[in-house]
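Here is a friendly briefing to read alongside the coordinates.

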Amino acid sequence: MTARSSLTVVLAAGEGTRMRSSLPKVLHPVAGQSLLSHVLRAAPHGTGASLAVVVGPDHQAVADESRRVRSDASTFVQRERLGTAHAVLAAREAIAAGADDLLIAFGDTPLISAETFERLRAPLKNGAALAVLGFRAADPTGYGRLVVENGRLVAIREQADASAEERKITLCNAGVMAFDGRQALGILDEIGNANAKGEYYLTDAVAIVREKGLEAVVIETSEDEVRGINTKAQLAEAEAVLQARLRKAAMEAGVTLIAPETVYLAADTKFGRDVTIEPFVVIGPGVSIGDGAVIHSFSHIVEAMIGNKVLIGPYARLRPGTSLGDGSRIGNFVETKAAILEEGVKVNHLSYVGDAHVGANSNLGAGTITCNYDGFLKHKTLIGKGAFIGTNSSLVAPVKIGAGAYIGSGSVITKDVPDDAMAVERSPQSVREGGAARYREIKMKAKATK
Ligand code: UD1
Ligand code: MG
């Protein structure tokens with residue numbers, strides 16, 4: 001049997017006013033990625049799967065994010081916000097293309113999983129016209145209630161339209177639905193707006209399916225998976241759920257987390273074997289960590305490639321564009337940015353390495369600073385293999401330090417240093433024999449006569 005094709009329509013035209021933010025709601029991040037991107041990644045992918053995102057009229061950024069995450073996404077603008085069914089029909093053109101399954105999801109429900117989308121599609125294969133994702137709400141207030149009679153889903157009643165009796169129902173509509181693609185448009189086009197809010201409710205699809213003598217079913221999931229985000233507090237709750245999942249998955253994959261509840265991961269963090277992460281580490285998006293690497297406490301890492309057996313921190317900050325070769329070491333209070341460090345490089349203390357390429361086995365002493373910015377432009381520092389940069393050196397970019405070169409401590413290097421050369425840039429040291437003793441005598445006398 002050939003696999004059924006699918007179209008997923010993600011509704012993201014929400015205003016998100018309760019976030020009290022100038023950022024569109026669905027672009028707020030959890031686990032280092034936008035709410036929307038979590039949904040787009042969970043939606044069916046690959047051959048036979050297409051994707052449409054419905055965005056608000058002033059939300060170019062939401063359309064851009066959709067295409068960044070899923071290059072196959074088409075986007076549709078819902079000009080007026082007239083309800084969830086109206087929003088779905090903004091993507092009429094995509095729906096009319098006639099995929100076997102039409103899936104609907106909300107852009108502000110980031111915890112939904114790929115498996116749940118598949119579970120929801122299963123009844124369509126067996127002839128159901130509509131499958132609705134339901135959950136048992138701890139507090140059902142505000143949700144659409146699933147009205148089940150004799151074990152069959154007959155309607156969804158929105159809070160504003162529900163009777164006192166119906167409001168007692170705790171089985172609620174999560175918002176995710178799957179329609180049989182051949183019947184979807186016919187059903188959606190019948191939805192009206194004669195209800196308490198005067199909106200076109202997607203949820204009315206259930207009663208219409210019933211009137212047509214077709215089958216609508218409920219697939220249940222946990223409340224955690226379908227949390228919708230409307231406020232910053234709910235954003236933090238979703239973050240907690242996602243972090244718990246990511247930590248568990250990391251440990252199942254063999255990562256040692258000494259105090260998992262203190263470690264923050266991103267949804268795309270990649271781990272090798274035998275990685276150890278100490279307490280209080282924050283890992284942002286775009287990080288891969290090689291075999292046997294150890295991340296010591298209080299390190300902050302974003303968009304960085306970490307090789308095998310690398311030691312990091314404590315208190316290290318790896319910024320975007322960092323790449324650390326196998327066996328390299330980044331010690332305490334070291335910051336790196338757009339820096340490629342080949343294997344065996346050591347930067348053990350108090351340094352800034354930015355816009356730099358450091359050859360294998362070089363050693364950057366405490367307080368080495370690449371002066372990459374002249375106030376107008378950024379410049380590169382190139383350091384060859386096996387170089388030794390003495391403590392407290394400033395490397396004023398653009399500058400090239402040759403392989404095997406040696407920089408004397410405290411130097412401000414503004415000119416290129418050839419391979420195997422020694423460069424020292426500092427005033428000659430003067431030593432006055434007995435000078436300290438004489439200085440003390442003068443000062444003590446002055447103090448005594450005061
Ligand atoms: C909706 C469901 C309700 C369900 C709940 C789950 C309807 C009528 N009600 O209610 O049964 O229990 O979600 O969270 O579907 N949107 C648009 N354009 C619109 C209206 C909404 O894009 O014109 C988008 C929103 O951005 C959001 C989603 O659709 O992502 C749901 O809309 P929302 O207003 O939050 O619906 P609820 O009242 O929560
Ligand atoms: Mg909602």
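The chain splits into domain 1 (7-226) and domain 2 (232-423), with bounds from an automatic or database domain assignment. This is a predicted model, in which local features need pLDDT of at least 70, side-chain atom pairs count only at pLDDT 80 or more, and totals for chains, interfaces and linings use all residues. Residues are numbered from 1 along each chain as its sequence is written, and side-chain values use heavy atoms, leaving out hydrogens and water.

**Between the domains**
- The C-alpha centres of domain 1 and domain 2 are 43 Å apart.
- In domain 1, 14 residues are in contact with 14 residues of domain 2 (heavy atoms within 4.5 Å).
- Together, domain 1 and domain 2 bury about 1,100 Å², 66% of it on carbon and sulfur atoms; this is the accessible area (1.4 Å probe) lost on putting the two parts together, summed over both.
- Between domain 1 and domain 2 there are 0 salt bridges (a side-chain nitrogen of Lys or Arg within 4 Å of a carboxyl oxygen of Asp or Glu).
- Polar contact links 4 residue pairs between domain 1 and domain 2, both residues at pLDDT 80 or more (N or O atoms within 3.5 Å, one able to donate a hydrogen and the other to accept it; residues adjacent in sequence count only if both atoms are side-chain atoms).

**The cavity**
- The count is 1 cavity of 30 Å³ or more, on a 1 Å grid over the protein atoms alone, where a 1.4 Å probe fits but cannot get out.
- The largest cavity has a volume of about 30 Å³, taken as the space filled by probe spheres set on the grid points, which are joined across faces, edges and corners.
- Its lining is Leu 7, Ala 94, Ile 95, Gly 98, Ala 99, Leu 102 and Gly 181, each with an atom within 4 Å of a point.
- The lining of the largest cavity has 5 nonpolar, 2 polar and no charged residues, with Gly counted as polar.

Definitions and conventions. Chains are lettered from A and ligands numbered from 1 in the order in which they are written. On a 1 Å grid over the protein atoms alone, a cavity is a set of points where a 1.4 Å probe fits but cannot get out, and a pocket is an open set with protein on both sides within 12 Å along at least five of seven lines; lining residues have an atom within 4 Å of a point.
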